[in-house]
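Please examine the structure shown below before reading on.

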Amino acid sequence: MTTATTGTAPATSPALTVTRLGGRIGAVVEGVRLGGDLPPETTAAIRAAILAHKVVFFRGQGHLDEESHEAFGRLLGTPVAHPTVPSADGRYALGIDSDLGRANAWHTDVTFVPAYPAFSILRAVTIPPYGGNTVWSSTVAAYESLAEPLRALADSLRAIHSNEYDYAAAHPGADDARLAQYREVFVSTKFRTDHPVVRVHPETGERSLLLGNFVQRIAGVTAKDSRLLFDLFQSHVERPENTVRWAWQPGDVAIWDNRATQHYGVDDFDDQRRVLRRVTIDGDVPVGPDGRRSVLLEPEAIPAPAFGAVSGASTAAA
C-alpha cells in the first residue's frame with residue numbers, strides 16, 4: 001500500500017504517526033496499541049486524526065477483544081446500542097457477519113434516528129482470502145465539490161430517513177432467510193427521521209451531505225423529483241476522488257467520523273466468511289445551515305429498549 005505523509009496532519013503524541021492515504025479522506029495511524037488505558041494526549045491525537053481525515057486505520061490490533069474494544073470506545077464517548085438489533089451477549093460490540101447479510105450499499109450508520117452515532121469503531125476478526133474491502137467517502141468533500149448553486153439548493157433541503165427501505169431492491173441477491181431477518185429484526189421498530197440534507201459538523205464547523213441508503217425521500221417534492229435530487233447529490237458522495245478503500249487484515253481497526261462519511265462494504269468475496277465487530281459512539285442531533293435540527297417523526301414514543309439496551313447481535317456486513 002502506497003502512502004504519503006501529510007503536511008497538515010493534526011498534532012500527535014510523540015509515538016504516534018499519521019500517514020495520509022488519499023487527498024480528501026483516509027489515513028493510517030501507527031505507534032499505538034489501542035485499549036482503554038491510553039493516556040489523554042494519545043486519545044486526543046487519535047480524535048484529531050479522525051476529525052481531520054474522516055476515517056483512520058490501525059494495523060496489528062489483534063490483542064483487542066470485546067471488553068478492550070468497548071473500553072477504547074469509551075475514551076471517544078459513550079457507546080450506544082443499535083436501535084433495533086437485540087443484544088446477544090450483553091455488550092455494545094455489534095457483530096458484522098457476512099453469513100447474515102452484506103451491506104453493499106452506500107450508507108451512514110443508523111441515520112434513521114435523530115442522534116445517530118458520532119463515531120464507529122470497526123475491528124476485523126475473520127477476513128476472506130480475497131475481496132471484502134470497505135470503501136469510505138468524505139461527505140464533506142462531496143459537499144465542497146458542489147457548484148455554488150447546488151450548495152445553495154442542498155442547504156435548503158430536508159430528507160426523510162427510515163430503516164424501512166426497499167431491502168430487496170438494494171440487495172437483489174438476498175435470499176428469503178435474509179429478507180425475513182431484515183423484516184423481523186432490523187425493522188422490528190419502524191423509525192422515520194426528518195434530517196437536513198446538509199448538516200453542520202458540531203466539532204469542525206464543516207458542512208457535509210447527509211444522505212445514504214436510509215433516505216426514503218426528499219421532503220416537499222414529488223417522488224420523481226425526490227429521486228432526481230437524491231441521485232444528483234449522492235453521485236458526488238460516490239465520486240472516486242472523494243473515497244478511500246481499505247483491504248482488511250485480521251486485527252485491523254478502522255475508526256470513522258460517522259457525521260462526515262458514508263461507507264460501502266464491497267461484496268466480492270463469493271461464499272467466503274467475513275466477520276467484524278463494531279462499537280458505535282453516541283452522537284448529537286444534526287443541525288442544518290438554517291439552524292433547524294433533525295426531528296423524529298416515528299415512532300412518537302420511543303420504546304424503552306430502543307436506545308438504552310446494549311446490542312451484540314450479528315447483522316449485515318459493513
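Which residues does Leu-34 touch, not counting residues up to four places away in sequence? With contact taken as heavy atoms within 4.5 Å, Leu-34 touches Ile-46, Phe-58, Gln-61, His-63, Leu-64, Phe-72 and Val-253. The model is predicted, so that local features need pLDDT of at least 70 and side-chain atom pairs count only at pLDDT 80 or more, while totals for chains, interfaces and linings use all residues. Residues are numbered from 1 along each chain as its sequence is written, and side-chain values use heavy atoms, with hydrogens and water left out.

The protein contains eight helices and 19 strands; these are DSSP runs numbered from the N terminus, with helices (H or I) of at least four residues and strands (E) of at least two. Of its 318 residues, 53% count as buried. Here buried means under 20% relative accessible area, exposed means over 50%, and partly exposed lies in between, with a 1.4 Å probe and protein chains only. Among contacts between residues at least 6 apart in sequence, 84% join residues at least 24 apart.

The interior may be considered next. In soluble globular proteins, nonpolar side chains tend to be buried together. A nonpolar core is a set of buried Ala, Val, Leu, Ile, Met, Phe, Trp, Tyr and Cys residues joined through side-chain atoms within 4.5 Å. The largest such core has 24 residues, of which Leu-34, Ile-46, Phe-58 and Ile-255 touch the most other members. At least two residues of this core come from each of strand S3 (27-30), helix H1 (40-53), strand S4 (55-58), helix H2 (66-76), strand S7 (119-126), strand S15 (253-257) and strand S17 (275-281). Helix H1 provides the largest share, five residues. A second, separate core has 16 residues, including Ala-142, Val-198, Ile-218 and Phe-230.

Helix H1 also holds Pro-40. Pro-40 is exposed, because its relative accessible area is 67%. The C-alpha atoms of Pro-40 and Leu-75 are 8.4 Å apart, although 35 residues separate the two along the chain.

Aromatic rings form another set of links. A pair of aromatic rings is described by the distance of the centres and the angle of the planes. Rings of Phe, Tyr and Trp (its six-membered ring) pair if their centres lie within 6.5 Å; planes under 30 degrees apart count as stacked, over 60 as edge-to-face and the rest as tilted. By this rule there are seven aromatic pairs. Phe-57 and Trp-136 form an edge-to-face pair, with 5.3 Å from centre to centre and 70° between the planes. This pair links distant parts of the chain, since Phe-57 lies in strand S4 and Trp-136 in strand S8 (residues 134-138), 79 residues apart. Phe-57 is buried, with a relative accessible area of 0%, and Trp-136 likewise counts as buried at 0%. Phe-112 and Phe-214 are also edge-to-face, at 5.1 Å centre to centre and 80° between the planes. Phe-112 lies in the loop between strand S6 (94-97) and S7, whereas Phe-214 lies in the loop between strand S12 (207-209) and strand S13 (215-218), 102 residues apart. Both Phe-112 and Phe-214 are buried.

Finally, some features of the backbone deserve attention. Most residues other than glycine have a negative phi, and most peptide bonds are trans. Val-110, although not a glycine, has a positive phi of about 60°. Val-110 is located in the loop between S6 and S7 and counts as buried, because its relative accessibility is 6%. Asp-270 likewise has a positive phi, near 55°. Its place is the loop between strand S16 (261-265) and S17, and Asp-270 counts as exposed because its relative accessibility is 51%. A cis peptide bond, with omega about -5°, joins Glu-298 and Pro-299. Pro-299 is situated in the loop between strand S18 (295-298) and helix H8 (305-308).
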